[in-house]
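Hi,

Here is the structure I promised to pass on. Have a look at it first, and then read my notes below.

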Amino acid sequence: MPVNCKNCGLKAILKRPKTGDALCKECFYLMFESEVHQTILENELFRRGETVAIGASGGKDSTVLAYVLKTLNERYDYGLNLLLLSVDEGITGYRDDSLETVKRNQIQYDMPLKIVSYEELYGWSMDAIVKQIGLKNNCTFCGVFRRQALDRGAMLLNVDKIVTGHNADDVAETVIMNVLRGDIARLRRCTSIVTGSEGTLPRCKPFKYTYEKEIVMYAYFKKLDYFSTECIYSPNAYRGHARTYLKDLEKIRPSSIIDIIHSGESMSVKKEVKMPVQGTCSRCGYISSQHLCKACVLLEGLNKGLPRLGIGKTDKLQRQAKNACNDGGCIDNNCGGKSKNCLDF
């Protein structure tokens, strides 16, 4: 027996994962776009005349984000100047293919495109990093470098804000990961819809309350051009375990995703808990709560042939640097990790 659309009464062709409502395609499009529009308005994400860089990977999230922002910008006259910004991590057979999708999106959406690469920014590609570090912990390098690469690319373009395709599932996964790690500092800010306003450039998440399944459905029914292959280096990523756990919860209770986000938003930190103070990296000037930002520490380790020096907490890194120095890894004869030729902690 055919089911009618809850909104208009016509034949329904899908069931919304978020609400369970039966909808026709047009009503689904309207509700999806309207919810993103409401998120933008309620959180005052943009101001007229701003130049906004869309972090474009060629995947479903960033592709749908670019399409929807272009649609809403024209429909509601936001007055934004939109452009695409991509990071080439240097992963053969994955990022080179996905960037071809981004280049097609550039034409389809009539937006300027800027591509920055790890190779040009850091002198290392992810393929080269994985040869050094192996498959374990490689996502740490990629995540740290990509966040900074986006900011650097955005500064080259002189944009006002960066938007990313992080969706509700991503935010909920991050809450779970930070709880399991006991990372209080990140737990407090991971649910923020705007981050980085105290540093170089604000980053916005218009899809913060948008379910991943609905993004996939929107892309499918709209026949959007996106790249769907998973990164070849990510199967062992810690996030994958949080994702599997979240999917299992969602099967039992679809509202689990939003519930976890709201829980993260409501968490508070005791006054006596000491939180990191944000400053700037003494070497590159990027925002950091340490003397050196994580990217500089990781890069220094790679350049010295000691890539694992960048994995772990600062006090552990100091001990490792001193040990490496005392074991002959320093050209300044046992400086204890304090020479300019050692890690500059």
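Val 52 has Lys 161 as its bridge partner in strand E6 (residues 161–163). E6 runs parallel to strand E3, with 3 bridges joining them. Strands here are DSSP runs of at least two residues (E), helices are runs of at least four (H or I), and both are numbered from the N terminus. Two strands pair if DSSP finds at least two bridges between them.

A quick note on the source: this is a predicted model, where local features need pLDDT of at least 70 and side-chain atom pairs count only at pLDDT 80 or more, while totals for chains, interfaces and linings use all residues. Residues are numbered from 1 along each chain as its sequence is written, and side-chain values use heavy atoms, without hydrogens and water.

E3 (residues 51–55) also runs parallel to strand E4 (residues 81–88), and 5 bridges join them. Over there, Val 52 sits opposite Leu 82. To get from E3 to E4, the chain passes through helix H2 (residues 60–75), a right-handed β-α-β crossover (clockwise from the first strand over the helix to the second, with the strands pointing away from the viewer).

Is E3 buried or exposed? Buried (under 20% relative accessible area; exposed is over 50%, partly exposed in between, 1.4 Å probe, protein chains only) applies to 5 of its 5 residues. Thr 51, Ala 53 and Gly 55 are covered on one side, Val 52 and Ile 54 on the other. In a regular strand, side chains alternate between the two faces of the sheet.

Cheers
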